[in-house]
Amino acid sequence: MKITSIRAFRVELPLVEGSYNWSGGKSVSVFDSTVVAVDTDAGITGWGEVCPLGPFYLPAYADGVRAGIRELGPHLIGWNPLDIGVLNERMDSALLGHPYVKSGIDMACWDLLGKATGQPVCRLLGGRFGDNVTLYRAISQEDPATMARKVAGYRAEGYRRFQLKVGGDPDIDIERIHAVADMLKPGDRLVADANTGWIQHEAIRVAAAVKDVDVYIEQPCRTYEECLNVRQHTNRPFVLDENIDSLAALMRAHQDRAMDVVNLKISKLGGLTKIRQLRDLCVSLGIGMTLEDSWGGDIVTAAIAHLAHSTPELNRFTSTDFNSYVTVSIADGAPQRDNGTMRASEAPGLGVEPRLDMLGEPVVVVA
Ligand code: MG
């Protein structure tokens, strides 16, 4: 099998709630996502998707995905998409860094490998653990009472895990955490994700003020060193996200006992091939994982479901059903949330069929 062309489509994903707000006043109302098609001489096409969380969350931006595919694509034409390791090495030697650019292409190659072998991607990644995947709901940053009310609403829809977007004014963040924690029930889990928004002294204040609350603290500060200092001053379970952007970063953090849980995102690490390395290492080391992506629609949600479903349940902390946050569906067959859980498709590949009418004409074609 040979790659004959790579196409990229731009799709807009408006949010059901109108906007999504997190630390430092950052906000997005319509996500700009790129759907990637890898076409082959066997007449089958693999599909992937990359959707940065705006241009100010990770070193990634929406137009960068398309520009990167324009740069990288010509190096991949004529290569076998099923030799995924070979293809990843080729991508890494043709374009240094830019993992998010490679993520959609890698995802599409896993879809092709599944279609070519008649297997769902979750089986190719290790097999299916358990009946379903437990989801968390991200709670956009608002005043404490509104966030508590939203948690109650999503709880009624079946979610039992909540990730509060904090990282704002530390005094209001303390109120946010207490307001939500007061209405949770046994078995619920709460994460306060500052998304790098506090500096060290603020983070230590907040962590001290919630020391008796059953809450996880996620990525309080921008630098790894600040986070490590906060970690050493708190008794709360600790999650690292933005700083864990490579296998080397994960190994260093493990060596430093810098976290209990890591948040692994497919595009942050460069695709399913790369995230699988970190996932498998975390399983061996006993580290919990939030398995997800920066954002996305139906195709990203399907890829998350396959990755999470093929991970031992003990190591799975949470995952995300991004397709339920947005108003449009870009593919049929994607996982649909059921009582706070989702399942990976049994169909070959990712198990999604893009809705071509939603994609329109490709904005990049490399052939
Ligand atoms: Mg996070």
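User: Which residue forms a salt bridge with arginine 355, and how far apart are the closest N and O atoms?

Analyst: A salt bridge is counted when a side-chain nitrogen of Lys or Arg lies within 4 Å of a carboxyl oxygen of Asp or Glu. In this predicted model, arginine 355 forms a salt bridge with aspartate 332, the closest N and O atoms being 3.0 Å apart. Local features need pLDDT of at least 70 and side-chain atom pairs count only at pLDDT 80 or more, whereas totals for chains, interfaces and linings use all residues. Residues are numbered from 1 along each chain as its sequence is written, and side-chain values use heavy atoms, with hydrogens and water left out.

User: How is the chain divided into domains, and how many salt bridges cross the interface of domain 1 and domain 2?

Analyst: Following bounds from an automatic or database domain assignment, domain 1 covers 3-118 + 354-366 and domain 2 covers 123-352. Their centres, taken over C-alpha atoms, are separated by 22 Å, and the contact (heavy atoms within 4.5 Å) takes 43 residues from domain 1 and 50 residues from domain 2. Across this interface the rule finds three salt bridges.

User: What is the area buried between domain 1 and domain 2?

Analyst: The size of an interface is often given as the accessible area lost when the parts come together. Here, with a 1.4 Å probe and the loss summed over both parts, about 3,800 Å² is buried between domain 1 and domain 2, and carbon and sulfur atoms give 62% of that area.

User: Which residues coordinate the magnesium ion?

Analyst: Donors are N, O and S atoms within 2.8 Å of the metal (3.2 Å for Na, K and Ca), and a site may look incomplete because water is not among the atoms. The magnesium ion is coordinated by Asp193 (OD), Glu218 (OE) and Asp241 (OD), at 2.1 to 2.3 Å, and these donors follow the spacing D-x24-E-x22-D along the chain. Aspartate 193 lies in strand E9 (residues 189-193) and glutamate 218 in strand E10 (residues 216-218), so the pair ties together parts that are 25 residues apart in sequence; strands are DSSP runs of at least two residues, numbered from the N terminus.

User: Is threonine 318 buried or exposed?

Analyst: Buried means under 20% relative accessible area and exposed over 50%, with partly exposed in between (1.4 Å probe, protein chains only). Threonine 318, in strand E14 (residues 316-319), has a relative accessible area of 6% and is therefore buried. Aspartate 193 and glutamate 218 are buried too.

Terms used: Helices (H or I, at least four residues) and strands (E, at least two) are DSSP runs, numbered from the N terminus. Buried area is the accessible area (1.4 Å probe) that two parts lose on being put together, summed over both.
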